[in-house]
Amino acid sequence: MRTGGCIRHVGRVMGCLGSGVILFGKGFAMLKIHRAEERATKRAAEDLFTGDVFQDEVLVGEAPSRMRATNVTFNPGARTAWHQHPVGQTLWAVAGVGRVQVEGGPVEELRPGDTAIIPPNARHWHGAAPDRIFTHLAMSETGEDGGGTEWFEKVSDADYSR
Ligand code: MN
C-alpha cells in the first residue's frame with residue numbers, strides 16, 4: 001500500500017516515489033511471475049526418453065538456490081532413460097497413472113497426489129503406465145559442484161513391464 005509517496009508493507013517503508021520512479025529500499029524483493037505464454041512446452045530429447053514426453057519448465061533457481069522444477073507429461077508407455085540425480089529427486093504425481101523404479105527395487109505405480117522420493121545418485125526411471133497418460137512435477141537440486149542429471153541407457157521393454 002502507498003502512503004505519502006512511499007510503499008509500505010506491514011509498517012515498513014519498502015520504497016518511495018521520486019520523479020515518478022519507484023526507488024526500492026534495501027531488503028525489498030520483487031515478485032517475479034513467468035507468464036505461461038512466455039514459455040512454450042518443449043518436447044523432451046529423443047535420446048534420453050522413450051516415446052513422446054513434454055516438459056514445462058517451472059523453475060531454474062538462481063544461486064544460492066540449486067532448485068530445478070519441471071512439469072512433465074508422458075504419453076502412454078513413454079518413460080525416461082535410466083538416470084540419476086546428484087541430490088536425488090522428488091516426483092509429485094499430478095494426473096494419470098505413472099510408474100517409477102529405483103534400480104534393484106520393484107516397479108511402483110504412481111497416482112495423482114502420490115509423492116516419490118528418489119535418493120541421491122540412485123539409478124532410476126519414471127514414466128507413464130502402458131495404457132495411461134501421466135503428468136508429474138519433478139523437483140531436484142543440482143550438486144554442490146553444479147552437476148546435474150547423469151544419463152544412462154534407455155529402459156528396455158522387459159524392465160518397463162516387470
Ligand atoms: Mn529422475
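1. Leu91 lies in strand β11, strands being DSSP runs of E with at least two residues, and helices DSSP runs of H or I with at least four, both numbered from the N terminus. The model is a predicted one, in which local features need pLDDT of at least 70 and side-chain atom pairs count only at pLDDT 80 or more, while totals for chains, interfaces and linings use all residues. Residues are numbered from 1 along each chain as its sequence is written.

2. Leu91 is buried because 21 other C-beta atoms lie within 10 Å; a residue is called buried at 20 or more such atoms around its own C-beta, exposed at 12 or fewer, and partly exposed in between, with C-beta atoms placed from the backbone. Of the 162 residues in the chain, 20% are buried.

3. Beyond its neighbours within four places in sequence, Leu91 is in contact with Val100, Leu110, Ala116, His126, His136 and Ala138, where contact requires C-beta atoms, placed from the backbone, to lie within 7 Å. Asp114, which is 23 residues from Leu91 in sequence, is 8.1 Å away from Leu91, C-alpha to C-alpha.

4. Strand β11 (residues 89-96) runs antiparallel to β14 and is joined to it by four bridges, and Ala116 in β14 is the bridge partner of Leu91. Two strands count as paired if DSSP finds at least two bridges between them.

5. For the chain, the secondary structure comes to one helix and 17 strands.

Terms used. Contact = placed C-beta atoms within 7 Å.
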